[in-house]
Amino acid sequence: TQSLRKRGNDALKRMFNNGKGSSKFQDKKNNHGKPLPEKIYTDSTLRTYRRGWNHFCDFLKRNDFHPKSMESAKVFVQMYINEMQKNGISAYTIHTWVSAVCKVIGSPLNSFDLPRRTRCSVKRSRYPAVRDKHFSEHKNSQLVDFCCAVGPRNYKELQKIRGTDLIEKNGEYKIHIRQGKGGKERFAPVIGTDRTLETVVSLCEKAGEELLFPHISSAADIH
């Protein structure tokens with residue numbers, strides 16, 4: 001498993017070197033609307049894929065599975081998915097981890113039976129509930145994505161988050177909630193798809209020391 005882990009991480013690094021500095025938009029334009037599979041375009045995507053691949057390798061090691069090649073590793077992917085579902089892992093997280101595995105082993109994501117993923121099917125109700133018909137998810141898409149990924153527990157908690165509250169350590173992102181529910185400090189992990197992670201990082205970098213969402217629609221019931 002250790003050799004397979006290293007080969008996978010080396011492959012991801014090569015893909016990043018291939019994609020670094022190139023235009024994902026242009027590649028999609030030249031490839032029927034799809035990015036090139038042999039490329040990874042951003043640091044954050046590379047980190048996400050590495051986490052997913054290493055998570056899969058941990059599963060193989062934990063269950064004493066020892067595939068010798070990427071091809072032979074494919075037979076364990078569905079078992080990996082089933083174990084995550086059994087353990088209550090959210091559909092979003094499962095899709096993220098399995099996307100990383102598929103990137104490495106060269107299998108399409110639809111080769112496997114994955115749980116259905118809705119826009120905010122994330123554990124602990126990480127989404128804004130709509131209080132009335134005047135709330136538009138489309139117009140507030142960044143707010144929705146952020147809540148899906150971070151899971152603020154109430155309106156006041158969300159309102160106090162600044163861009164500088166994003167913390168990255170060993171490829172893992174967290175939001176520093178300085179005064180959460182009951183006045184308690186906590187660190188909320190950022191979870192979800194690559195696109196969602198990139199949205200959160202981009203929002204925080206743009207906000208800097210300023211509030212992330214200085215004006216939040218009163219129609220969004222954050223919980």
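Is Cys204 buried or exposed at 3% relative accessibility? Cys204 counts as buried, where buried means under 20% relative accessible area, exposed over 50% and partly exposed in between (1.4 Å probe, protein chains only). Before we zoom in, please note that this is a predicted model, in which local features need pLDDT of at least 70 and side-chain atom pairs count only at pLDDT 80 or more, while totals for chains, interfaces and linings use all residues. Residues are numbered from 1 along each chain as its sequence is written, and side-chain values use heavy atoms, with hydrogens and water left out.

**View 1. The largest nonpolar core has 30 residues.** A nonpolar core here is a set of buried Ala, Val, Leu, Ile, Met, Phe, Trp, Tyr and Cys residues joined through side-chain atoms within 4.5 Å. Leu12, Trp53, Phe56, Val77, Tyr80 and Val98 touch the most other members. Two or more residues come from each of helix H1 (2–19), helix H3 (43–62), helix H4 (70–73), helix H5 (77–86) and helix H6 (91–105). Helices (H or I, at least four residues) and strands (E, at least two) are DSSP runs, numbered from the N terminus.

View 2. Contact means heavy atoms within 4.5 Å.

**View 3. Helix H6 is largely enclosed by the rest of the structure, because 14 of its 15 residues are buried.** Its end C-alpha atoms are 21 Å apart, which agrees with the 21 Å that 15 residues should span at 1.5 Å a residue; the expected span is 1.5 Å times one less than the number of residues. Ala91 lies in this helix and is buried, with a relative accessible area of 11%. Ala91 and Pro115 are 24 residues apart in sequence, yet their C-alpha atoms are 5.7 Å apart in space. Cys102 is buried too, at a relative accessible area of 6%. After H6 comes Gly106, with a positive phi near 80°.

View 4. At 12% relative accessibility, Asp27 counts as buried. Its side chain makes a polar contact with the side chain of Lys39 (3.0 Å). Such a contact is a pair of N or O atoms within 3.5 Å; within protein, one must be able to donate a hydrogen and the other to accept it, and residues adjacent in sequence count only if both atoms are side-chain atoms. Beyond its neighbours within four places in sequence, Asp27 is in contact with Ser22, Lys34, Leu36, Lys39 and Tyr41.

**View 5. Strand E3 (residues 172–177) pairs with strand E2 (residues 166–169) in the antiparallel sense, over four bridges.** Two strands pair if DSSP finds at least two bridges between them. Ile167 stands opposite Lys174 in E3. Four bridges also join E3 to strand E4 (residues 186–189), again antiparallel, and Ile175 has Ala188 as its bridge partner in E4.

**View 6. Helix H7 (residues 141–150) is mostly covered, with eight of its 10 residues buried.** Those buried are Leu143, Val144, Asp145, Phe146, Cys147, Cys148, Ala149 and Val150. Just after H7, Gly151 takes a positive phi of about 75°.
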